[in-house]
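Here is a brief report on one protein model. Look over the sequence and coordinates first.

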Amino acid sequence: MDLQESRTWILFYLISFVVLLVSVFLTSKGVLMGIGLTMVIVVVGINLMFMLSQVKESTKKKGLMEKVSHFEIDDSENPDELRTPKH
């Protein structure tokens, strides 16, 4: 995760935290209880969705980097030449 991407996540989680605080305030006062609970469910669902997508993207990048970084040397043809991995 680079610096620009971490800034985006920090901003996203700060906004999520504020929304959760507002929703908890609304539900604790008994005013607009349905809206407050809906906001909590939506924020938690969106956070979960984003985190799962980041985990999938990270796993995909890691697999691609491992696939690209592995080379085999074929001694029978030309020992100085690198070739792509066997599938």
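The text below covers the overall layout, then a charged pair, then one serine.

**Overall layout**

This is a predicted model. The protein has 2 helices and 2 strands. Along the sequence they run in the order α-α-β-β. Of the 87 residues in the protein, 10% are buried. The exposed surface comes to about 7400 Å². Carbon and sulfur atoms supply 70% of that area. Take the contacts with a separation of 6 or more: residues 24 or more positions apart account for 31% of them.

**The charged pair**

How many salt bridges does the rule count? The count comes to 1 salt bridge. The side chains of E57 and K61 form it, at 3.4 Å from N to O. That distance falls within the 4 Å cut-off, so the pair qualifies. Both residues sit in helix α2 (residues 33-69). E57 and K61 are 4 residues apart there, so about one helical turn separates them. Side chains of opposite charge can pair when their charged atoms come close. E57 is partly exposed, and K61 is partly exposed as well.

**The serine in α1**

S28 lies in helix α1 (residues 3-29). A polar atom of the S28 side chain is 3.0 Å from the backbone oxygen of F25.

The table lists the relative accessibility of the residues discussed.

| Residue | Relative accessibility | Class |
|---|---|---|
| E57 | 34% | partly exposed |
| K61 | 48% | partly exposed |

Note on methods: Residues are numbered from 1 along each chain as its sequence is written. This is a predicted model: local features need pLDDT of at least 70, side-chain atom pairs count only at pLDDT 80 or more; totals for chains, interfaces and linings use all residues. Side-chain values use heavy atoms; hydrogens and water are left out. A polar contact is a pair of N or O atoms within 3.5 Å; within protein, one must be able to donate a hydrogen and the other to accept it, and residues adjacent in sequence count only if both atoms are side-chain atoms. Buried means under 20% relative accessible area, exposed over 50%, partly exposed in between (1.4 Å probe, protein chains only). Contact means heavy atoms within 4.5 Å. Accessible areas come from the Shrake-Rupley method with a 1.4 Å probe; for residues, only the protein chains shown count as cover.
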